[in-house]
Amino acid sequence: MINKGRIVSAVALTTLVLGLTACNDGEDAASAQDSPSASAPASSDPGSKSPSADPSDDAAAPAGGDVAAPGTKFKIGDRAVLPFKYGTDKKGTVAVTVTAIEKGAEADMAPFGDKAKGMTPYYIRMKVENVGGTDLSYASLRLRGKLEGGGPTGVILIGDLPGKCDSETAPRDFTTKGASYETCSLSATKTDPIAVASFEEGDAYSDSPVLWTS
């Protein structure tokens, strides 16, 4: 399935929003338009946020290790247990293992149109496991790419690149302890390489993300 998406690029105090439709009919991406608040940072764009994890919510007790505290740093390949909330009625505990941060080619960004010129994509591949055993079917979890040292890329991508980096939702049977699936989060940069994957869902983690580095 080909998803809709867009690019949010933070440059100085200007937030630029690009609507993208990656269609089979070959039509160009929609033109850029200014966001309602030029002074708002890229992360304030409502469409760029996935449903938040809320550590204060009652969730199933983790069965696969202690929940990672905000600010914890892991290596790629490490498994982090995290509180997770999706929408208004799905919450629990998941384990996320970042398996790779892969550099793509600038040409891969062609579906995003002219606004993606000069951007290099990175594919954050991960395994997500249901640790608490609650019903998290069809939930979606996203990690963000960061520069080495944890700095922002200045670009937020909404969507995926089918065949390159597919953002998968949890399957229907993601309702029991030990259930798992694999997914990919797409990031991009025009500057330094992306070397960090960041979990920022929920108030505590948005202020102090859990990070995976090489």
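**Basis.** I noted that this is a predicted model, in which local features need pLDDT of at least 70 and side-chain atom pairs count only at pLDDT 80 or more, while totals for chains, interfaces and linings use all residues. Residues are numbered from 1 along each chain as its sequence is written, and side-chain values use heavy atoms, with hydrogens and water left out.

**Overall fold.** I looked up the secondary structure and found 1 helix and 12 strands. Helices (H or I, at least four residues) and strands (E, at least two) are DSSP runs, numbered from the N terminus. Along the sequence the pattern reads β-β-β-β-β-β-β-β-β-β-β-α-β.

**Strand β12.** Which strands did I find paired with β12? Two strands pair if DSSP finds at least two bridges between them. Strand β4 (residues 73-75) runs parallel to strand β12 (residues 210-213), and 3 bridges join them; K75 stands opposite T213. Strand β11 (residues 194-199) pairs with β12 in the antiparallel sense over 4 bridges, and there F199 has V210 as its bridge partner.

**Residue T189.** I located T189 in strand β10 (residues 180-189). T189 counts as buried, at 2% relative accessibility. A polar atom of its side chain lies 3.1 Å from the backbone oxygen of D192. Contact means heavy atoms within 4.5 Å; leaving aside neighbours within four places in sequence, I listed G118, M119, T120, Y122, L147, T153 and I194 as the contacts of T189.

**Aromatic pairs.** I counted 4 aromatic pairs in the structure. F84 and Y86 form one that is stacked, at 6.5 Å centre to centre and 25 degrees between the planes. Rings of Phe, Tyr and Trp (its six-membered ring) pair if their centres lie within 6.5 Å; planes under 30 degrees apart count as stacked, over 60 as edge-to-face and the rest as tilted. F84 is buried, with a relative accessible area of 5%, whereas Y86 is partly exposed, at 24%.

Why is the pair of F174 and Y181 edge-to-face? The ring centres of F174 and Y181 are 5.2 Å apart and their planes stand at 90 degrees, so the pair is edge-to-face. I recorded F174 as buried, at 2% relative accessible area, and Y181 as buried too, at 9%.

Technical notes
Buried means under 20% relative accessible area, exposed over 50%, partly exposed in between (1.4 Å probe, protein chains only). A polar contact is a pair of N or O atoms within 3.5 Å; within protein, one must be able to donate a hydrogen and the other to accept it, and residues adjacent in sequence count only if both atoms are side-chain atoms.
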